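Let's take a walk through this structure together. Have the viewer open and turn to each part as we come to it.

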Amino acid sequence: MIDSLYVVLAMAFALGLALRAGSVCLVAATEALLRRRNPDRMLLILEGTGWALVALVLLGAYPIGMSFSQPVVIGLLGAFVFGVGAAVNGACAFGVIAQIGTGRFEYFLTGLGLWIAMQGAVFLDLEAAAMRAGPVLPWSLALWAIAALFLGRLVLLHLRGAVNLRRAVTGSVAIAVAAGCFTSLAVLHREFPWITLLADLSMADLLSVLIAALVVAGAIVAGLLIPDGFELRWPGWRRLIKRFAGGFLMGLGGVLLPGGNDSLLFFGLTTGAPMAVLGLCAVIAGIVATSLISGRRLSPFLRRAAEICGLAERR
């Protein structure tokens with residue numbers, strides 16, 4: 001019992017380290033694709049999905065139980081709202097931890113907004129369809145897919161003239177550790193620590209609080225170890241409002257879905273469940289729509305698309 005407790009606590013700390021070291025965030029990955037046509041971070045997240053599948057197989061977690069709101073349109077709306085909230089916030093659930101690890105403590109307000117939104121769940125009478133599913137691929141094929149994704153990232157970086165083997169390997173190791181620890185914690189304890197605590201404080205126990213604290217501590221330690229990776233500064237009122245508002249929208253979307261991008265990626269997507277795939281697409285669509293409307297710098301193609309759709313002013 002004591003040995004397993006130490007393992008759980010060590011994985012919580014390692015999860016925080018990996019999230020900060022790899023800057024794991026779906027919002028950052030989507031915006032890199034939008035602004036710079038750089039798919040590296042998105043491919044890295046897919047690597048993480050492969051590692052999550054391998055970890056879940058080794059843990060004997062399959063078949064995995066999942067639930068999605070009914071009718072389907074409610075779940076997809078929730079996923080879209082979650083994506084909008086993540087874009088407004090500037091980080092997804094994983095990205096919040098990574099950002100706190102840079103010294104941007106205003107991201108704690110994301111949790112406050114998310115918690116307030118989730119309290120409204122008691123007034124909603126949503127139906128959910130439960131299902132159990134096995135892995136979409138054998139774990140051996142998942143390893144080959146991970147290797148192919150890594151090589152694909154190297155090729156794309158080479159074509160862009162930005163090959164940095166050390167950085168590429170560091171990213172792959174970080175996402176592997178993050179995916180493995182995240183899924184293992186869910187199996188051995190419960191779902192993503194801070195989301196679970198905010199969703200239902202009655203479920204909290206001392207171990208849950210300690211795990212959440214260690215995830216944050218791991219991210220901060222990683223930030224302190226990275227040169228120029230940690231800086232405390234006043235964010236300004238506008239950013240404080242954005243963190244809270246983004247968190248509120250993420251919480252609302254998480255209630256409607258139910259869940260968030262982390263569970264869709266590392267649990268739903270590993271089973272190939274159609275609702276998980278559609279939900280993840282809706283999250284990304286929410287991020288993209290918010291980026292288009294906000295007028296952030298986009299690639300020429302997407303800039304033109306935004307102009308045609310009336311989401312951006314013509315130049």
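Is D228 buried or exposed? D228 is exposed, with a relative accessible area of 84%; here buried means under 20% relative accessible area, exposed over 50%, and partly exposed in between (1.4 Å probe, protein chains only). You will find D228 in the loop between α10 (206–225) and α11 (237–256).

Before going on, a word on the model. It is a predicted model, in which local features need pLDDT of at least 70 and side-chain atom pairs count only at pLDDT 80 or more, while totals for chains, interfaces and linings use all residues. Residues are numbered from 1 along each chain as its sequence is written, and side-chain values use heavy atoms, with hydrogens and water left out.

Now for the overall view. The protein chain has 14 helices and two strands; these are DSSP runs numbered from the N terminus, with helices being H or I of at least four residues and strands E of at least two. Of the chain's 315 residues, 48% count as buried. Contact means heavy atoms within 4.5 Å, and among contacts between residues at least 6 apart in sequence, 80% join residues at least 24 apart. The accessible surface comes to about 15,200 Å², and 69% of that belongs to carbon and sulfur atoms; such areas come from the Shrake-Rupley method with a 1.4 Å probe, and for residues only the protein chains shown count as cover.

Let's turn to the backbone. Most residues other than glycine have a negative phi, and most peptide bonds are trans. D228 has a positive phi of about 60° although it is not a glycine. R37, also not a glycine, has a positive phi of about 55°, and its place is in the loop between α2 (26–36) and α3. As for peptide bonds, the one from Y62 to P63 is cis, with omega near 0°. P63 sits in the loop between α3 (40–58) and β1 (64–70).

Next, follow α3 to its charged residues. D40 forms a salt bridge with R153, with the closest N and O atoms 2.8 Å apart; the term stands for a side-chain nitrogen of Lys or Arg within 4 Å of a carboxyl oxygen of Asp or Glu. Because D40 lies in helix α3 and R153 in helix α7, this pair ties together parts that are 113 residues apart in sequence. R153 also meets E47 in a salt bridge, at 3.1 Å from N to O. E47 lies in helix α3 and R153 in helix α7, so this pair ties together parts that are 106 residues apart in sequence. D40 and R153 are both buried, and E47 is buried too. Salt bridges that share partners join D40, E47 and R153 into one network. By the rule given above, the count comes to five salt bridges, and another one pairs R104 with E106, the closest N and O atoms being 3.3 Å apart. E106 counts as buried, at 8% relative accessibility.

F150 is also found in helix α7. Which residues does F150 contact, leaving aside its neighbours within four places in sequence? They are E47, A168, V169 and S172. F150 and D40 are 110 residues apart in sequence, yet 9.4 Å apart in space, C-alpha to C-alpha.

D40 and A168 come up again at a pocket. About 640 Å³ of space lies in the second largest pocket. Among the 20 residues that line this pocket, the closest to its centre are A21, D40, R167, A168 and G171. The elements giving two or more residues to the lining are α1 (2–22), α2, α3, α7 (139–159) and α8 (165–188), and the largest share, five residues, comes from α8. On a 1 Å grid over the protein atoms alone, a pocket is an open set of points where a 1.4 Å probe fits, with protein on both sides within 12 Å along at least five of seven lines; lining residues have an atom within 4 Å of a point. Grid points are joined across faces, edges and corners, and the volume is the space filled by probe spheres set on the points.

Finally, look at the surface. L112, W115, I116, F244, F248 and L252 form a nonpolar patch with about 450 Å² of accessible area together. Patches are made of residues with over 30% relative accessible area and no salt bridge, and nonpolar side chains (Val, Leu, Ile, Met, Phe, Trp, Tyr) are joined within 5 Å. Both α6 (108–119) and α11 supply at least two residues of the patch. L252, found in helix α11, is partly exposed, with a relative accessible area of 32%.

Note on methods. Patches are made of residues with over 30% relative accessible area and no salt bridge: like charges are joined within 9 Å, nonpolar side chains (Val, Leu, Ile, Met, Phe, Trp, Tyr) within 5 Å.
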